Structure formats: structure tokens, C-alpha cells
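Please look over the sequence and the structure shown here before reading on. The briefing that follows goes through them topic by topic.

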Amino acid sequence: MAVIVGFLTQGGQMLVVLLLAPLLTGVVRKVKARLLRRKGPPLLQPYLDLLRLIRKEAVVAENASWLFRVAPYLIFAATWVAAALVPTFATDLLFSWSADLIAIVALLGSARFFLALAGMDVGTSFGGIGASREVMIASLAEPAMIMVVFTLALIAGSTQLSTVAGYMMSAHVGLRVSLGLALVALIMVAIAENARIPVDNPATHLELTMVHEAMVLEYSGRHLAVIEAASFLKLLLYVSLLCSVFAPWGVVHAGAGPVAYAIGVTVYVVKLAVAGILLAVFEVSIAKMRVFRVPEFLGAALMLALLATLLMFMTRSL
Amino acid sequence: MAVALILICVAALLATGIVAVVLARSLVATSIVYGATSMASALALAVALAQVIGAPGDPSAVILPLGLPWVGAHFRIDALSSLFLVIVNLGGTAASLYGIGYGRHESAPGRVLPFFPAFLAGMNLVVMADDAFSFLLSWEFMSLVSWALVMAHHRVTENARAGYIYLIVASFGTLCLLLAFGLLAGPAGGYGFAEIRGAAHSSVLAAMILALVLLGAGSKAGLVPLHVWLPLAHPAAPSHVSALMSGVMTKVAIYGFIRIVFDLLGQPDWGWSMVLLFFGSVSALIGILSALMQQDLKRLLAFSTIENIGIIFIGLGLALGFRANAMQWAAALALTAALFHVFNHSLFKSLLFLGAGAVLNATGLRDLDRMGGLIHRMPVTAFAFLAGAVAISALPPLNGFVSEWLTFQAVLVSPEVPQWGLKVMVPTAGAMMALSAALVAACFVKVFGIAFLGRPRSTIAAEAKEVDRFSLAAMLLFVALCLLAGLVPGLVIDAIAPAVQLLVGARLPVQAQVPWFSIVPVAEARSSYNGLLVFVFITLSASFVIVLIHRFASRAIRRAPPWDCGFPDPSPATQYSGGSVAQPIRRVFGSLLFLAREQVEMPPPGDTGAARFRVELRDLIWETGYAPIAGIVGFAADRLNRMQFLTIRRYLSLVFLALVGLLLVLVVWL
């Protein structure tokens, strides 16, 4: 019985993240547009975009290799698996033991590796510019993320995300300096990793200022749809991660009744909406940085996270 | 029994080397020599594997009446040796298999064939040696033979310089090891490892020995700042030899370090783990940043070796610190991580060097900026190289990730150490390791993206042909092993466990008993990882999406010219080059570490002349550490050179003065 519930939770979670991810992006876009006093696209526009794209034929550059056509699916699969391992509305994920928080970070690293390669496959200058900037940003964001993981793991005594989330729900966590530092660092990393303002602009088509969009410039049709879906999932993943660690209210434990699950899903959706609105407010209230200011931004994140880890090494109570 | 069998294989290798001297000029020599070498290595590999799997705790020893008459030559295989024998002979088998095809293109086979089997024999002997004399003799043999291989193409000026620097650093390293063994043996002069193990060493003596071993083995392994020879010498050799030097010989150096520090020396002080962590993390960071700045494919791979050696030393440093604090289980975790990384690096670095060799064979190019688009013309090589790149970038589900993951787990258990120094040093080393891991991914995006993707940047690259079957077989063998070690890492951890048990007196729990091939280093509530499941999940979800879209949406595809935002440029020169991919990272890190300077020279408006962009990087370690010493030695040699042109009278008076001087010293002394 427990196994069946586990399978259902895990499967349900995989579907929920897939279904909700475009909605989150839709909310962010809508709120941003409203804040800029535009009407904005409908909330469901990302779904419609995806549907439209997968029905179209894919235009592939003449000299593109097999990697160009395989990469979107690899990127999507790695991101989806990672997103499926982050607790959203319940902690008892059946397969959470197969990859811990470090592995989730590395899975996202795999996705980025193939995305950067796909950007370089056709041999255009924009693909190269995107790939080279993406790896530069990642080379600082990833260690910062690992340091955040270290801090959380030292507080909870485990790198398993379910265990960490479970520990964060318990009473004896309390307010800690290291947690605060880790939170700030994680938010900075999340902004950089998801190509949000001020690091990158997801809506831009001004070539020289873009990173993520430059890498996927050659993609079209179903390939583009899959890559877009992967980036929606990534945003959802980071929001879920932030929620499950720093706002673990309402997450369902193993063995709870169906009512608890219903409440859990509702609370989760509310959390997503709040996070989407906050992100939109943040994005409209700040200007995009120059590319070579990004290392300073992420360097600060790395230092904050390292400081948090050092604090945890010094004393277990801070 | 096992040791005798492997010694027979070594004898066969040496005999092959001698036969090769005779045969070298004939056409069939390449196939015969590499065929024989690969068979001998494969046999030794089988014996070593049988020892690792079958009888790990059962040492086997033999004493040959060679070497010093009162010592003899002791050879012994214990759990640690058998592990490294597997690594040496695995690399040897694959590299010689590769050589059957690659060696046909060799311009001077007589300079490679005799030394290649001898090099393998030397590495086998180092790992089996059980007394100081045989160890040093085999070590020096290994160094000299590899020097001969570095000098295979000695007419290239660069190679001659590389060989010269390698020879100096290698001699210096052996000298340090010689002194270390002298101190280990003590005034009584017990040169057998068993006697050394039994002797007690005072803490001052232990510190001196450890410093000497760090210099001796560290210089061979390529630890910063003793690494200067490595990026020169490894690329200079033929590619399958580069694979052996980077993938295997550096591991033999690590073996020497582990053997002396963890086995022979007893219990060094915890402070030494700080030293190892420091040099390990500095090597990791400087190694990978230097790699990112390179345009030469093989030199880039050699710098990346330095990075990996750094990660291994971080693991060893953690293990040393834990052992000094009697945290045996944590030491076991850290040492398992280090040894796992040793194994992994031997796989993927050999694979990458073989891939670089295949590119070199097909195009004659080592310069990244003239490659491009090779994935179309060398699909199998490209696939193998991509697998190696994913593995070395520590991305799941391949093997590189597992050892990095284990090292991170070892970092995470260290808040329990009592010393404040370690409490600060360990997380810093962890951060440096995380930083270099991310930079490795950047580096290999650059390598694969520039060499194999994009459009060909030269006509040679556009006309490349896939390499021969033997080379491909050797590379695919490594790909399979990388995948296997990544999917079922528990098998490797269990194979390493007896060696760990021997060295730190504890081991990780038996992983074969964990269901579903997961690995659980400490406890399941703490951390676990399952490469197989991650792989299956990724494959399943990717296939699911592909089937779904192709079945229910569109599968139409149209080929068209690249879009490139509406301005496609026909010239492949407009693509990103290796230097431009690395440019953002050079701007972030390079200005500090390499004093990088970029200069743009634009022609005045109206002038149609070419604009120039120049990048200047400086090697601070060479400039501040090595150049002054070289300068002093050169100066002294110039002065002393004058002594060669004196008349006989002056020489006689010098002899007389020297005699008087010595007598005076004697008088004062007594």
C-alpha cells in the first residue's frame, strides 16, 4: 500500500510540475505586464505557445549535427528528473533517495552542458556568445549553489532533499544567521540560473544583451518547445526548492490522508503564485546589469554561501 | 602466485621492448609490438582483477636475487598494489590496442616501439616493489623511459625543451624520494618495506619525510607549483603515450605518495592535511583555469590532469586529517573518494587523450582554432570524446560525478574535527573544488564545441576521415567503462574497500548489499545516489517526450541555412573561437592569476586594414619560481665555464690550493 501511495505521489508530482510550470511563467509575465501598465498576454499563453510550437515543422540548419536534434530532449529530461525530485506538495517521494541535492544541482549542470553545446553546434556567432556567457555565469553560480547545499546539509545532517525539507518543518530549526545567508545566496543563484533580470532578460531579442535566448536562437518548432518547457520547469524547480526549504508550511508527510494531500496541493499552488508575483515585482524594479557585472553579483552569492558554510563549520547553533 | 604471474608479464613486456629494437624498421613491427604489449597487459590485468575480486586481503610476495646483494628485489601485491595494477594494466591494454592503429602513422617508430612496453613494465614494477631499492630503481626506470617517449619527436624544438625540463624535474623528484627513503630506513638501513613499517619515526623526522615525499611524488603527479613540466611533456609524446602518462603515470605517483604516507610512515600530524588540502585546491583551480586558456588540445588536456590531481589530493588530505583525529569511518570515506577519482581519471583522461590522438591522426591538428565540425566527419570519435567530456565534467550519470560526490560527502562530515585550522580549511577547499568542477564543465564545453561542433575552420578539418577500428575500439572500451563505473559505482567502491581497510583500518559499508545498485556511503538518511536509476529516468522521460511529440504532434523537419538572427555569415571565421569562448572567464579570473591583458589595435577610420586583437597571458609560477633559479644556475654555469679554458699550470695551482685548503679544514676540524 505504502509503495502504491509512493508511486502515485511520485507520478503525481512529475505530472504536477510539468503541468504547473508554464502557468508559473504565465503568472510572472502577466504580473510584469500589469506592473508596466500593459495588458499582457493571457495567463495560459505559455501552454498555447508550446502547443503551437510542437505542431509546427522543425527548421534545422543544414550543417546541424545529431547533437542539435538530441540535445533538447536530453535537456528536458534532465531538468524534468531534477524537478521531479524536489518536494512540492509532499515529502515522501518514492525515488528521492536516487539523487540527493548535489545530484540535482549536477543534473541541472548536465542540462546546461548540452544546451551550451547545442548553441555552438551550428557555428554561428550568436550561439557562441550565448554558450560562452552561459558557462561563465554557471562557473560562479554552480559553486555558490553547492555551498548553499553544504549549508543546508550541515544544518539538517543530510543532503537528501526530502530529509532536509522534513527537518526544516520541525520545530528545532529556529532562526539562524547561516540560513539567512543561504537564502539570499540561493535567491541570487536562482535569478542567474533562470536567466531573469538583472542577469539576463528572458523577453529580450536584443542579441548582444542576451545569454539564454542567444543559445537557442537556431531552434524552432518542437525542439524549441521542448527547450522552452525545460526552462519553465527549471524556474518551477528553483521556486519549489526555495519553498520546500525556506517555507515548508503545508507540505504533506508520508501517510497523511487525502484531505491533507488536497490541502498540500492548494498551499503549493498559492506559494507558486506568491513567488511568481514577487519575482515579477523584483524584475520590474531593477535594471539589467552589464554582462561583466554579473560575476560581481554571483561572486557575492558565492561569498555569502561560503560564509554560511563556514559559520556552520564553526558552530552548529548559528 | 599473482605476483609471479605479473612479473612474468613484465618480463614479457621488457622482452617485447628488446625485440622491438631489432624489428623497428620492418613494416609489421607496429602490429607485432603493440599486439604483444596489449596481450601481456591484458594478462596482467586479468591477474590483477582476479586478485582484487578474488583474494583482496591476501598479499602475495616474491623475492628475486637481483639488485643489492644483501637486500634482493622484493615484490609484493597487497590490496593497494592490486588496485593500481588494475589501473596500470587497463590503461596499458587499451593504449596498446589503440597503438596498433595509431602507431602506423608514426614517423619514427624506432623511437617509440622499444620504449612503450618498457614504460608499462616500469609502472608495473613501481606498483609491485616492496623495498626501497627496487621502488626507486623502477621509479627512475619509469621516468627515463617516459622521457625517451617524450623525446620521440626530438627535432621539434618545443619537444626538446619539454624533455629537458622533464628530465630535470624528474631527477629532482627521484632525489627527494631517495632522501625520503634514506630517512625512512634510518641509520640501521632496513630497506625492505616491512622493516620500514616496523620502525618508529620521530615527529620531526616524519615531517621531513612527508615534505620530501610531497616534493618527489607531487612533482611526478603534477601538483602545483611542481607541475611546470607536465603540460610541456605530456603533449609532446605520441598520443597513446600521452594517455598513459596523464591517465596512468600520474596515478603511479599518487600510489607512491599513498604507499609512503599512509602505509610506511605511520601517523603523520593533522597539520599535514592542511598542507595537502592547500596544494590540492590550488592545483585544482590553477590547473583548470590554465586549461581554459589553452588553444592546444593536448596541452589543455594536460592542464586538466593537474586539476584532477588536485581533487585527488583534496581527498587524500581529508583522509589524512580524519585519520589523525581517529575518525576512521570518515577517513575511509575520503580515501575511497580519492581512490575512486584515481580510477575515474585514469579512464576518462586516457579516453580524451586517445580522442585527441584520433583528431591529430585524422587532421594533423592540435590547434583548436583550426578544427571545427569534426562531429560530421568523425562521428564515433566525436561520440567517444563527448562521453569523456561529460565524464570529466562530473555530470551524472557518468563516473566523474560519483567520485566528486563522494569527496563532497567527505567534506560534509568534517565539522566534527576538533582543530580550528581544519574547520576553516576544509570548507574553503570544498568551495575551491566546487568552483573548479564548474570550470571543468566550461572548459569541456569549449573543447567539444570548438573542435567537434560548428563549421570547419580549415580545409584540413573539412576533409578529415574517421580513424581506424583499433583506435575506435580502444576509445569505446573506455566509454563503456566510464558508463559502467557511473551506473554501478557500488562495484568500484567495494573493489576499493580492501585497500581502504588496509590503509585507514575502516571501510565503507558493503555496497553490493544495498538494493537497486544505490550507493550509501554513511547512512541512507544522510545521503545516497543511484546512477542507474537516474540514467533510466532520463532515458525514459526523454523517450516518452520524443514518442509523444512524434506520434501526436509534428515530426516534419526542414533543412535550411542557419538563421543567425538574419545575418548568416558564410565565412567560418566569424564563429566563436577557442579564445573567444574562454574570454568571459579570462576576464573574470585571468586578470588576477595570469595578469591577462587584452589589446585591440583598430585601424583609423577609413583605413581598410585589419584590426588586431592581442591577448597576453603570463605564467606567474614560472616567472617567480623557476625563472630566477634557472637564471642563477645559468649565471653560475657561465662563471664556471671559464674554468675549462685554463692552462695546465693554473690547473696544477688550483689542485694545490684545494689540497692546502682541505688540509687546513682538517686541522681546524680536529
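Is A:Asp100 buried or exposed? A:Asp100 is buried, because 28 other C-beta atoms lie within 10 Å, where a residue is called buried if 20 or more other C-beta atoms lie within 10 Å of its own, exposed if 12 or fewer, and partly exposed in between, with C-beta atoms placed from the backbone. This is a predicted model, in which local features need pLDDT of at least 70 and side-chain atom pairs count only at pLDDT 80 or more, whereas totals for chains, interfaces and linings use all residues. Residues are numbered from 1 along each chain as its sequence is written, while chains are lettered from A and ligands numbered from 1 in the order in which they are written.

- A:Asp100 is located in the loop between helix H3 (66-84) and helix H4 (101-121) of chain A, where helices (H or I, at least four residues) and strands (E, at least two) are DSSP runs, numbered from the N terminus.
- Leaving aside residues up to four places away in sequence, A:Asp100 touches A:Thr159, A:Gln160 and A:Leu161, and also B:Ser527, B:Ser528 and B:Tyr529; two residues are in contact if their C-beta atoms, placed from the backbone, lie within 7 Å.
- A:Asp100 and A:Ile4 are 96 residues apart in sequence, and their C-alpha atoms are 22 Å apart in space.
- A:Ile146 lies in helix H5 (residues 125-156) of chain A, and A:Ile146 counts as buried because it has 29 C-beta neighbours inside 10 Å.
- When residues up to four places away in sequence are not counted, A:Ile146 touches A:Ile102, A:Val105 and B:Ala434.

**Where the two chains meet**

- In the contact between the chains, 72 residues of chain B meet 75 residues of chain A.
- The elements that give two or more residues to the side of chain B that touches chain A are helices H14 (374-377), H16 (399-412), H17 (420-451), H21 (531-552) and H22 (578-593), together with strand E3 (557-560), of chain B.
- H17(B) supplies the largest share of that side, with 15 residues.
- The residues on that side of chain B comprise 48 nonpolar, 16 polar and 8 charged; Ala, Val, Leu, Ile, Met, Phe, Trp, Tyr, Cys and Pro count as nonpolar, Asp, Glu, Lys and Arg as charged, and the others, Gly among them, as polar.

**Helices that pack together**

- Helix H11 (residues 294-314) of chain A packs against H17(B) at an angle of about 150 degrees, with their axes 9 Å apart; axes are lines fitted to C-alpha atoms, for helices over the stretch in contact, and angles run from 0 to 180 degrees between N-to-C directions.
- H11(A) and H17(B) are therefore roughly antiparallel to each other, since angles under 35 degrees count as roughly parallel, over 145 as roughly antiparallel, 65 to 115 as roughly perpendicular and the rest as oblique.
- In this packing A:Leu306, A:Thr309, A:Leu310, A:Phe313 and A:Met314 of H11(A) meet B:Lys423, B:Val424, B:Val426, B:Pro427 and B:Ala431 of H17(B), and the residues of the contact divide into 8 nonpolar, 1 polar and 1 charged.
- Within chain B, the axes of helix H3 (residues 79-102) and helix H20 (residues 489-504) come within 8 Å and cross at roughly 140 degrees, so H3(B) and H20(B) are oblique to each other.
- The contact of H3(B) with H20(B) has 8 nonpolar, no polar and no charged residues.

**Strands that pair**

- Strand E1 (residues 58-61) of chain A and E3(B) pair in the parallel sense over 4 bridges, where two strands pair if DSSP finds at least two bridges between them.
- In this pairing, A:Val60 stands opposite B:Arg559 in E3(B).
- Strand E4 (residues 597-601) of chain B is hardly covered, with a count of 0 buried residues among its 5 residues.
- E4(B) pairs with strand E5 (residues 612-616) of chain B in the antiparallel sense over 5 bridges, and B:Gln599 stands opposite B:Arg614 in E5(B).

**Backbone details in chain B**

- Most residues other than glycine have a negative phi, and most peptide bonds are trans.
- The peptide bond from B:Val224 to B:Pro225 is cis, with omega near 5 degrees, and another cis peptide bond, with omega about 5 degrees, joins B:Pro396 and B:Pro397.
- B:Ala326 has a positive phi near 60 degrees, and B:Ala326 counts as exposed because it has 10 C-beta neighbours inside 10 Å.
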